[in-house]
Amino acid sequence: MKKNPNILAEKIKMGDVESFELFFKLEFDNIVYFVNGYLHDPDLAKDIAQESLLALWEKREIIDPEKNIRALLYTIARNKSINELKTRSSSLNSISLNEINANIYALSDDSLNAELETLDLKDLIDRTIENLPDSVRGSFIMSRRFGMTNKEIAKAKNMSLTGVEYHMKISLNILRKKLKEYLIFFLGWILLFLYYNQT
Amino acid sequence: MDQEYILRIIKGECSPDEREKFFEQISSDKILMQEYARLKNKHIIATLPYSPSVKTLLSNRKPKRQLIHVLTKIAAVLFIPLFLWLVYDLSYQRKSTDSNFKTITSYVAGTGVRYKVNTGIKAMLTLPDSSKIWLNSGSYLDVPKDFGKNNRKVYLSGEGYFDIESDKTSPFIISTPKSISIRVTGTEFNLSCYENDNNMKLTLLKGSLELIREKNNEIITVKPYEEVIINYQTLESKRDTTIDTKYAIAWKEGNLRFVDTPMTEVVRKMERWFGIQVTVDDPAIYKHTFTADFESESVTQVLNLLEISTNISHEIKGNRVRLSMSSK
């Protein structure tokens, strides 16, 4: 991994709510998918995903921005999943006991460590942007430019480090608002569509 | 059974019957199980969706914002004295660990030299026959005075990684606390024989090796990439040929690794690794297992990860740690 002290991880560690919110939104569905892959129980997977993310937030002091914050999150979800599989093995009726055991084995297997280490924060943002509709992509990319390294930007823009940090905060705010605006617009559009279809 | 078939099961492209049969089959076939685990993990990570749903994006989660701001202020005032005390306490501890580092002591004990490694540290030494030995925390190695070309006998209590110089004419013999000895010529292996563990564990990486039960002179031959576990109570031996040797020697590279490890073992490993004393309040803790990989994390970081992933909370006082189930 590159040694970029990751701004987003650093901000979360410092207790910045917006940054965590962004991370939550970007990662929530991925974690649900990850847990559900082993548990085959979407509701339980959602609970575990939420618990894991909130656990990370509550204990954010353990985040090391130099290390892989995503791998940390997935390790939390992984341990929670193993324990769920062990304690709830009888009430998960969608999968057989043999499959539960195989999935406990898979979750504990060493190969998962290597897979988790490939998870990358930059990749999370990049790939989410790729999958976003055009109208929101622009503002996301904007923020991503700020989301690289504090020092890098400061050097490139000939700005002070605190100035860059200030910008970072603003850009995250803009991003959040833009996202909301877009979604309200999007939902309004759907309602309009439904309305016309009815008449 | 080929990879493509396993992938079809993982992707769910099969009938429920096929699925059931497959999992029944792999439950008794360890190699197949490993292949399944590897492919399953790879598949899941490779297919993460990366497209948050509208519901997720709209969800308005503000984790206790106001409360946190107020609490931080109160906490700041309340914790200044605590912080000062902590700084004092930490600097005191730092001093004591510094002196720990010097204690790979070699002192002459009647018949030879004892190399002792305290908890919290590790050490490496080279013997006169140029065999190399890495000692894990809380171990000691006794080397007799006349150790040399014709006498290669040592005594180990604890865990060590041995890289033994080959000498066909003079076997290298290691005795351990529970009357089991190991005879080798030239090999590399990891041996864990702590007196307070329930079993002895040997992982062979290279060459060949013989385990000898001193009571009845029974010999167990071990081959490369095999792991033998001998239970001290029942004296039963278990052999595993499908182990991941990386796990057994992770400590030597400075990594602390847990792979679905029972809490009893987690506790003991942490005690030795960090030089701490752990008290377990609630026996329910022992029902848990823990999986994680640490490189240079501090004891607090490890305990925090344990807490958020298993609800086992902790309290640290000096080098004493108390574990209890958090009432959540």
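Residues are numbered from 1 along each chain as its sequence is written, while chains are lettered from A and ligands numbered from 1 in the order in which they are written. Because the model is predicted, local features need pLDDT of at least 70 and side-chain atom pairs count only at pLDDT 80 or more, whereas totals for chains, interfaces and linings use all residues.

Between the chains, 46 residues of chain A are in contact with 45 residues of chain B, a contact being two residues whose C-beta atoms, placed from the backbone, lie within 7 Å. Several helices of chain A, among them H2 (17-39), H3 (42-58) and H10 (161-198), each supply at least two residues to the side that touches chain B; helices (H or I, at least four residues) and strands (E, at least two) are DSSP runs, numbered from the N terminus. The most is given by H2(A), with 12 residues. By class, this side of chain A has 20 nonpolar, 15 polar and 11 charged residues, where Ala, Val, Leu, Ile, Met, Phe, Trp, Tyr, Cys and Pro count as nonpolar, Asp, Glu, Lys and Arg as charged, and the others, Gly among them, as polar.

H2(A) also packs with H3(A), their axes coming within 8 Å and crossing at roughly 140°; axes are lines fitted to C-alpha atoms, for helices over the stretch in contact, and angles run from 0 to 180 degrees between N-to-C directions. H2(A) is therefore oblique to H3(A), since angles under 35 degrees count as roughly parallel, over 145 as roughly antiparallel, 65 to 115 as roughly perpendicular and the rest as oblique. Residues that make this contact include Phe24(A), Ile31(A) and Val35(A) of H2(A) and Ala45(A), Ala49(A) and Leu53(A) of H3(A), and the residues of the contact divide into 14 nonpolar, 2 polar and 1 charged.

Some of these names return in the largest nonpolar core, which has 68 residues and in which Ile31(A), Val35(A), Ala49(A), Leu53(A), Leu56(A), Leu73(A) and Ala77(A) have the most contacts. Such a core is a set of buried Ala, Val, Leu, Ile, Met, Phe, Trp, Tyr and Cys residues joined through C-beta atoms within 7 Å, and a residue is buried if 20 or more other C-beta atoms lie within 10 Å of its own, exposed if 12 or fewer, and partly exposed in between. H2(A) brings the largest share of this core, 12 residues. Not counting residues up to four places away in sequence, Val35(A) touches Ala45(A), Ile48(A), Ala49(A), Ala77(A) and Ser81(A).

In chain B, Tyr161(B) has its place in strand S6 (residues 152-163) and counts as buried because 22 other C-beta atoms lie within 10 Å. Leaving aside neighbours within four places in sequence, Tyr161(B) is in contact with Trp134(B), Asn190(B), Ile249(B) and Lys252(B). Ile121(B), by contrast, is found in the loop between strand S2 (112-117) and strand S3 (123-126), and is partly exposed because it has 19 C-beta neighbours inside 10 Å. The C-alpha atoms of Ile121(B) and Gly275(B) are separated by 7.8 Å, although the two residues are 154 residues apart along the chain.
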